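Biologist: Please take a close look at one part of this protein for me. I would like to start in the core and then move to a loop.

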Amino acid sequence: MGMLPIDSLEVGMVLANDVLDRTGRMLLGAGAELSQKHLTIFRTWGVVEADIAGIDYVNDESPLPAEVD
């Protein structure tokens, strides 16, 4: 699952699942390629994240330097 926060989404990414607003209304269907207009609409309707195709896992933690055990 490749859930990315709204601020990490970029134009050209492809949705793995439908994007729904806070009330469950579908804003954009799976398989759609994101445009700048889509990103603006997501922010307007309170979308906080989206599932992006081709991303298996997103780790929110910073990797530790090699010197740290």
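Modeller: Contact here means heavy atoms within 4.5 Å. By that rule, and not counting residues up to four places away in sequence, Ile52 touches Gly2, Leu4, Leu9, Met13, Val14, Leu15, Ala16 and Leu34. This is a predicted model, where local features need pLDDT of at least 70, side-chain atom pairs count only at pLDDT 80 or more, and totals for chains, interfaces and linings use all residues. Residues are numbered from 1 along each chain as its sequence is written, and side-chain values use heavy atoms, with hydrogens and water left out.

Ile52 belongs to the largest nonpolar core, which has 14 residues. Such a core is a set of buried Ala, Val, Leu, Ile, Met, Phe, Trp, Tyr and Cys residues joined through side-chain atoms within 4.5 Å. Buried means under 20% relative accessible area, exposed over 50%, partly exposed in between (1.4 Å probe, protein chains only). Leu9, Leu15, Leu34, Phe42 and Ile52 have the most contacts inside the core. Of the protein's 69 residues, 25% count as buried.

Now the fold. The order along the sequence is β-β-β-α-β, from 1 helix and 4 strands. These are DSSP runs, numbered from the N terminus: helices are H or I, at least four residues, and strands are E, at least two.

Next, the loop. Asp21 sits between strand S2 (19–20) and strand S3 (26–28). Asp21 counts as buried because its relative accessibility is 8%. Its side chain reaches the backbone nitrogen of Gly24 at 3.0 Å. Setting aside neighbours within four places in sequence, Asp21 contacts Leu27, Trp45 and Val47.

Notes: Polar contact = N/O pair within 3.5 Å; in protein donor to acceptor, adjacent residues only side chain to side chain.
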